[in-house]
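Please consult the sequence and the structure below before reading on.

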Amino acid sequence: MTGYRGRIAPSPTGLLHVGHARTFWIAHQRARDARGTLVLRDEDLDPQRSRPEFASAMLEDLKWLGIEWDEGPDVGGPYSPYRQSERTDHYLRVWQDLRRRGVLFPCTCSRKDLAGAAQAPHEGGDDEPRYNGRCRDAPSSATDPAGATWRFRVPDGLTIEWQDRGAGPQSYAAGRDFGDFVVWRRDGVPAYQLAVVADDIAMRITEVVRGRDLLKSAARQLLIYRALGRTPPAFFHCELVKDDEGTRLAKRHDALSLRALRAAGVTPDDIVRRWF
Ligand SMILES: [Zn+2]
């Protein structure tokens with residue numbers, strides 16, 4: 001084992017399809033090539049959309065495909081638990097750390113306030129409309145996130161650059177490419193950006209492999225690392241699988257699930273040859 005620590009982080013909100021599987025396959029290959037450790041993290045934070053039956057299906061489907069991990073919810077490991085829904089205390093500590101550092105503010109905007117400020121339709125799965133800054137300077141003495149939406153105040157005009165190992169050189173301007181983003185939801189659920197940074201730090205991840213729809217999320221996450229005074233991991237954002245018409249598979253309702261392919265007699269080798 002070397003110092004390389006990678007992770008695959010599926011969300012149990014549906015059946016895995018070949019688009020997700022390709023990203024996980026690449027993450028698996030990179031960890032193996034580096035003789036490193038691969039972590040599987042169950043990103044089941046969204047209580048409305050996550051289902052335990054999808055969580056067990058995704059582990060089973062990944063194993064069927066030939067992907068193996070060294071640490072995860074089913075095998076344990078030194079940084080357990082590996083299920084995000086069991087890590088809320090940990091996210092709360094990161095929220096408190098960011099709050100002490102003065103980069104968070106509560107946002108009381110209604111859905112209507114936000115809709116009025118929405119920019120052109122966005123592409124990415126986890127992208128969000130650029131915030132108008134309405135609550136930015138409102139005073140607050142809150143010491144816990146309960147009952148409010150919390151946003152990260154981005155340093156306007158700061159350029160965030162990194163050399164992406166998959167997508168090449170990247171450059172985003174805070175305040176122009178994205179605004180103050182959500183780190184804690186009003187319903188008490190930590191937002192994706194905070195949870196993944198908290199987990200990647202805690203699990204000592206050295207390289208993050210995921211789809212290119214998350215490039216702009218990486219820029220936001222780099223701001224969180226910066227605010228926490230932590231060194232970020234390397235990033236490798238992969239190309240997304242498209243169908244013959246050029247539509248992203250993840251965007252299609254009939255996206256090919258591993259389960260359906262398997263039932264139709266398709267083998268893991270066929271999948272690797274055809275899509276990966
Ligand atoms: Zn607001």
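A polar atom of the S50 side chain lies 2.9 Å from the backbone oxygen of D46. The side chain of S50 also reaches the backbone oxygen of D44, at 3.5 Å. The structure is a predicted model, in which local features need pLDDT of at least 70 and side-chain atom pairs count only at pLDDT 80 or more, while totals for chains, interfaces and linings use all residues. Residues are numbered from 1 along each chain as its sequence is written, and side-chain values use heavy atoms, with hydrogens and water left out.

S50 belongs to the loop between β2 (37–40) and α2 (52–65); helices (H or I, at least four residues) and strands (E, at least two) are DSSP runs, numbered from the N terminus. Leaving aside neighbours within four places in sequence, S50 is in contact (heavy atoms within 4.5 Å) with P12, T13, E43, D44 and L45.

D200 is part of helix α5 (residues 192–202). The side chain of D200 makes a polar contact with the side chain of R41 at 2.9 Å. A polar contact is a pair of N or O atoms within 3.5 Å; within protein, one must be able to donate a hydrogen and the other to accept it, and residues adjacent in sequence count only if both atoms are side-chain atoms. Apart from neighbours within four places in sequence, D200 is in contact with R7, R41, I205, V208 and Y225.

The whole structure holds seven aromatic pairs. Rings of Phe, Tyr and Trp (its six-membered ring) pair if their centres lie within 6.5 Å; planes under 30 degrees apart count as stacked, over 60 as edge-to-face and the rest as tilted. The pair of F105 and Y131 is tilted, because the ring centres are 6.0 Å apart and the planes stand at 35°. Since F105 lies in strand β3 (residues 104–107) and Y131 in the loop between α4 (111–117) and β4 (149–152), this pair ties together parts that are 26 residues apart in sequence. The charged end of R151 sits over the ring of Y131, 3.9 Å from its centre (NZ of Lys or CZ of Arg within 6 Å of the ring centre and within 35 degrees of the ring normal).

The table lists buried residues (under 20% relative accessible area; exposed is over 50%, partly exposed in between; 1.4 Å probe, protein chains only).

| Residue | Relative accessible area |
|---|---|
| F105 | 1% |
| D200 | 2% |
| Y131 | 8% |
| S50 | 13% |
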